[in-house]
Amino acid sequence: MKKSYFIWIITLLAIIFACKEIGNRNKNSTTDAYTKLIIDSVIEEDSTKLFDSVMIKYSSKLLWFPNFENKKLLKEIYSGKNITDFSKDGLQKFLTDEKTNLYEQLRKSNENSDIKSKQQWEYTCQMNLKMNKNDYLYIQYYNNHFKGIDKDQYSYQEKVFDLIKDRKVQLSDIIAISKEDLSQLLKINLEKTTMMQQMKKYDQKGYAALSTIPIPVTENFYFDDNNLYFHYNMNEITKNYDIGDIVIPISWEDLNGNTKTDFKERMKIN
């Protein structure tokens, strides 16, 4: 009887210590806390006749996070949109209402009332998942509004979210470098792009225009294992020469000595 009681006590203590160890390990673990984050999307696509001569094609996509309940970060992820219901039905309703409101605004606009020529307009708005790694969530936001013979009014917005700190990543979280030095690195790496090499051969006037201006530092950035990327939309580098949008990469090697230690460790950058 005593022997059985002793064995039962030993077993109970072993279970208690094992649970304590697992609890401490989970409490102290921060690496890849959201590797099991489920990411889906909701989509609204439609086309309709706005006027006798104008058709519009509507396409919009929002990412949906069914097992993510951090409302503070969700509000940041959907920043700029009046979304309070983050469920699939709530996001779908937002897209349907957005489409209805857009159609109504376009139909009521005086500038559209006298259109005679047949046209097809497009409205595209997308959230695209680009990376979910090391507790960094990188989302690209793309918008394109096209009306008739006008040029596409498109733009990209790059956002990386820190799933541990529950906020959008800032450049200061990644690198410590003056704006002047970073601008110079951007200028050097712009020169290496295929676009600039082609312009050097076939469009020397445009090449000269871009080569002589300083490159502004943008907060429109993202990163991966190899580079830090700066994405410039139309006319952000210069309004004197239209180059559309362009991405300028800077390697981590080029940024050696200017990259934050904790970021390097988290991204496993050598």
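User: Happy to have you along! What is the relative accessible area of Tyr229?

Analyst: This is a predicted model, in which local features need pLDDT of at least 70, side-chain atom pairs count only at pLDDT 80 or more, and totals for chains, interfaces and linings use all residues. Residues are numbered from 1 along each chain as its sequence is written, and side-chain values use heavy atoms, leaving out hydrogens and water. Tyr229 is found in strand E8 (residues 227-232); helices (H or I, at least four residues) and strands (E, at least two) are DSSP runs numbered from the N terminus. Buried means under 20% relative accessible area, exposed over 50% and partly exposed in between (1.4 Å probe, protein chains only), so Tyr229 counts as buried, at 14%.

User: Which residues does Tyr229 contact, leaving aside its neighbours within four places in sequence?

Analyst: Contact here means heavy atoms within 4.5 Å. With those neighbours left aside, Tyr229 touches Asn220, Phe221, Tyr222, Phe223, Asp224, Val247, Ile248 and Pro249.

User: Thanks! In what order do the six strands of the open sheet lie?

Analyst: Two strands pair if DSSP finds at least two bridges between them. E3 (residues 119-133) and E4 (residues 136-146) run antiparallel and are joined by 11 bridges, with Tyr123 opposite His145 in E4. The pairing in the open sheet is mixed, and its order is E1-E2-E3-E4-E5-E6.

User: Which strands are at the edges?

Analyst: Each edge strand pairs on one side only. They are E1 (40-51) and E6 (167-168).

User: Which strands does helix H3 lie across?

Analyst: Helix H3 covers residues 88-108 and runs at about 20 degrees to E1; axes are lines fitted to C-alpha atoms, for helices over the stretch in contact, and angles run from 0 to 180 degrees between N-to-C directions. Its buried residues include Leu91, Phe94, Leu95 and Leu102, and their cover includes E1, E2 and E3. The strands that H3 lies across are E1, E2 (54-64) and E3.

User: How far apart are the end C-alpha atoms of H3?

Analyst: The expected span of a helix is 1.5 Å times one less than its number of residues. H3 has 21 residues and so should span 30 Å, which agrees with its end C-alpha separation of 31 Å.

User: Last one: at what angle do helices H4 and H5 cross?

Analyst: Leu190, Glu191 and Lys192 in H4 meet Thr194, Met195, Met196, Gln197 and Lys200 in H5. The axes of H4 (residues 179-192) and H5 (residues 194-202) come within 5 Å, and they cross at roughly 65 degrees.
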